[in-house]
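This briefing covers one protein model, grouped by topic. Please have the sequence and the coordinates open while reading.

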Amino acid sequence: MNQPATGAVDLAIWDLGTLALCQERNPGACFARTPKRVRATLADHWYLFLLKSGNNWTISDCGASERISRGASGQLGFYSLGEACYGEMRDIETLMLFMPRDVFPNIAGQLDRISNSMLDTPCGGLLTDYLLALERRLPSMRHEDLPAVRRATEAMITACLVPTPPNAEQAREGLMISLGERARCAVHARLADPNLTPASLALSIGVSRSVLYRLFEPLGGVACYIRNCRLAAARRAIVNSSDLRRIHQIAEACGFSSSQEFSRAFRHRYGYSPSEARAELGGLITSSSFAPGAECPRTLAEFLLATA
């Protein structure tokens, strides 16, 4: 077996109180947590392991009941620091959420039964979307927002790992955030698509149109959200000195079929014209992430869904 590459490991950690979110970039390593080390460290945390790129494999409970899990890019795994294991990772970029056992006493037994497994389920997909939304917004989050983030995250974990109607009801805000992240990614992937409509967006993320409308109602509606994403992408291109496309070409690439429609929407959103923005090349003009006169997000879900 070829040994994985070794090198510098990049880590970033956010302390959410009872939970900790960790980003890691690792060129590759073999690892082993022996039974002796497990007893010595007394670590009983579980952790979610989202592979953004790369692959890994882990074997735990060595012996007659050993369990093997293999992860690839985009997959979400669930592991326990209280179990002996060994394995290997190769050129990974990952997002990990560490969860103390005493935060989830009522479902500890159920979580133990799914430890060291890949969460290839619809609920696992929702949890993946939630973690990505959380990662995207944590750097700009205020300290006073963290208690609400922690509560929503704990409820989301419970609802997705032990899915029951009562747990889902408790995690309503987290579930909306997950669906919002899925919708946000779908919108950004299809900015140039003239067929990107609320109906096609609902179909692509697997929700009804009524659910989609409720999701984006606090942000001005689905059509407004799509238009603002297109405007933000166009503005970034216009003020980018290395982007030599004409303004009408940028507008078309961002899904606007009419230059006049684009100019009107751009001025209404930012308070100046596309040509004025290009003249400044982003040096003097700044703008809010929200339309003039719009309110700031009022809830955690609105904050995590807001488009910069």
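At what angle do the axes of helix α9 and helix α11 cross? They cross at roughly 90° and come within 10 Å. The model is predicted: local features need pLDDT of at least 70, side-chain atom pairs count only at pLDDT 80 or more, and totals for chains, interfaces and linings use all residues. Residues are numbered from 1 along each chain as its sequence is written, and side-chain values use heavy atoms, with hydrogens and water left out.

**Overall make-up**
- The protein has 13 helices and seven strands, taken as DSSP runs numbered from the N terminus (helices: H or I, at least four residues; strands: E, at least two).
- Of the 308 residues, 45% are buried, where buried means under 20% relative accessible area, exposed over 50% and partly exposed in between (1.4 Å probe, protein chains only).
- Among contacts (heavy atoms within 4.5 Å) with a separation of 6 or more, 72% join residues 24 or more positions apart.

**Helices α9 and α11**
- Helix α9 spans residues 222-238 and helix α11 spans residues 259-270.
- Axes are lines fitted to C-alpha atoms, for helices over the stretch in contact, and angles run from 0 to 180 degrees between N-to-C directions.
- α9 and α11 are therefore roughly perpendicular to each other (65 to 115 degrees; under 35 is roughly parallel, over 145 roughly antiparallel, the rest oblique).
- On the α9 side the contact involves Arg 227, Asn 228, Leu 231, Ala 232, Ala 234, Arg 235 and Ile 238, and on the α11 side Phe 262, Ala 265, Phe 266, Arg 269 and Tyr 270.
- These contact residues divide into eight nonpolar, one polar and three charged (nonpolar: Ala, Val, Leu, Ile, Met, Phe, Trp, Tyr, Cys and Pro; charged: Asp, Glu, Lys and Arg; polar: the others, Gly among them).

**Asn 26**
- Asn 26 sits in strand β2 (residues 20-33) and is buried, at 8% relative accessible area.
- The Asn 26 side chain reaches the backbone nitrogen of Gly 28 at 2.8 Å.
- Beyond neighbours within four places in sequence, Asn 26 is in contact with Val 9, Met 89, Asp 91 and Ile 92.

**Gly 17**
- Gly 17 lies in the loop between β1 (10-15) and β2 and counts as exposed, at 53% relative accessibility.
- Its C-alpha is 7.7 Å from that of Pro 147, although Gly 17 and Pro 147 are 130 residues apart in sequence.

**Cysteines**
- The count of disulfides is zero, with a disulfide taken as a pair of cysteine sulfur atoms within 2.5 Å.
- Cys 22 is buried at 5% relative accessible area, and Cys 185 is partly exposed at 39%.

Conventions. Polar contact = N/O pair within 3.5 Å; in protein donor to acceptor, adjacent residues only side chain to side chain.
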